[in-house]
Amino acid sequence: MTATRAGFVAIIGAPNAGKSTLVNRLVGSKVSIVTHKVQTTRFPIRGVMMRGQSQVVLVDTPGIFAPKRRLDRAMVKSAWEGAGDADGIVHLIDARHWTGHGDKSEDEAIIARLKEIGAKAILALNKIDLVERSGLLAATQALFDTGVYSDVVMISGLKGDGVDQLADMLAARMPEGPYLFPEDQSADMPVRMLAAEVTREKLMLRLHQEIPYQLTVETETWQKIGKGGVKVEQLIHVSREGHRSIVLGKGGQTIKEVGTAARKELSEILGVPVHLFLRVKVSERWQDNRERFTAIGLDFDA
Ligand SMILES: Nc1nc2c(ncn2[C@@H]2O[C@H](COP(=O)(O)OP(=O)(O)OP(=O)(O)O)[C@@H](O)[C@H]2O)c(=O)[nH]1
Ligand SMILES: [Mg+2]
């Protein structure tokens, strides 16, 4: 019998690079929320990939950018911490940024930091479905010349191109050792937190401008009811009265749509009927409240 392998791989990158999409694909189920907006992921999320005799615990991290607010600082700090403890690092880059479309300064800042800490990362050039093949070679060369990468793969986390190759590469790199999680477990997020993330995803998809960034979702109660179902009550903390009325929408229409979408997805994930109740509360200073940070594993003092 060949020995088993197991370890952690951190997926880091600029906001919106496609980290959560990639982690979900590698794991084979949705463990991390995805939106078209930047700064969707707020704290490191682990998803487990089985590949042959290897178990790779993927750590999806918040996007790395120049942080200003306390929440941003905590998010970015947690991303680097995720990388520090890992057996491997994948730096995911939106290929468009290096083929003349978009801004590569955030990627460059990450490269500088990788250099500083002396890490060797795997470069995964992502979203290749959106760029001309001809531009990719020069982009790859420029990135490889930075000296911070051991390997390069070109992938589309969304469509799946190159993802098997990346999975094999990661599996082969894990140190020998016993599995860290049961083989049939794909994530380790407490179900209450997962439920809050699902609702936050629907809010991010439905709301605009700064509102999604100024709110947080908390699961208050979780109660088993008949026929295997659950009753879930959640509180959406917003930072201003004006935001509350926008989240509610005319005649409560917005919150109703968000609730329906979240309930459907949560029922699918859990495989049981879910009764979801949402409330919106103005908590002006939730971003100055230590408890709101520790609840999602972020460092309030970052
Ligand atoms: N076309 C294309 N779109 C992609 C690909 N990977 C991700 N996306 C899209 O990019 C957007 C951002 O994806 P996420 O997975 O949320 O990105 P992220 O890096 O986790 O973002 P943050 O959590 O905000 O840092 C979504 O709209 C995805 O559908 C890809 O390979 N091709
Ligand atoms: Mg993400």
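Here is a friendly conversation about a predicted model and the ligands it holds.

Biologist: Which ground rules come with this model?
Modeller: Residues are numbered from 1 along each chain as its sequence is written, and chains are lettered from A and ligands numbered from 1 in the order in which they are written. Side-chain values use heavy atoms, with hydrogens and water left out, and because the model is predicted, local features need pLDDT of at least 70 and side-chain atom pairs count only at pLDDT 80 or more, while totals for chains, interfaces and linings use all residues.

Biologist: How many helices and strands does the chain have?
Modeller: Both kinds of element are DSSP runs numbered from the N terminus: helices are H or I with at least four residues, and strands are E with at least two. Counted that way, the chain has 9 helices and 9 strands.

Biologist: Why does the chain count as being as compact as a globular protein of its length?
Modeller: The radius of gyration is taken over C-alpha atoms, and the globule rule is 2.2 Å times the number of residues to the power 0.38. For 302 residues that rule gives 19 Å, and the chain is close to it, so it is as compact as a globular protein of that length, with a radius of gyration of 20 Å.

Biologist: What percentage of the residues of the chain count as buried?
Modeller: Buried means under 20% relative accessible area, exposed over 50%, and partly exposed in between (1.4 Å probe, protein chains only). Of the 302 residues, the buried ones make up 50%.

Biologist: Which helix gives the largest share of the shell around ligand 1?
Modeller: A residue is near a molecule if one of its heavy atoms lies within 4 Å of it. There are 23 residues around ligand 1, and Lys19, Thr21, Gln39, Thr40 and Asp129 come nearest. The largest share, 3 residues, comes from helix 1 (residues 19-27).

Biologist: What distance separates a backbone N or O atom of Gly18 from an oxygen atom of ligand 1?
Modeller: A polar contact is a pair of N or O atoms within 3.5 Å; within protein, one must be able to donate a hydrogen and the other to accept it, and residues adjacent in sequence count only if both atoms are side-chain atoms. Backbone atoms of Gly63 and Leu158 each lie by an oxygen atom of ligand 1, at 3.3 Å for Gly63 and 3.2 Å for Leu158. For Gly18, the distance is 2.8 Å.

Biologist: Are Ser20 and Thr41 buried or exposed?
Modeller: Ser20 is in helix 1 and Thr41 in the loop between helix 1 and strand 2 (45-51), 21 residues apart. Ser20 has 8% relative accessibility. With 6% for Thr41, that residue too counts as buried.
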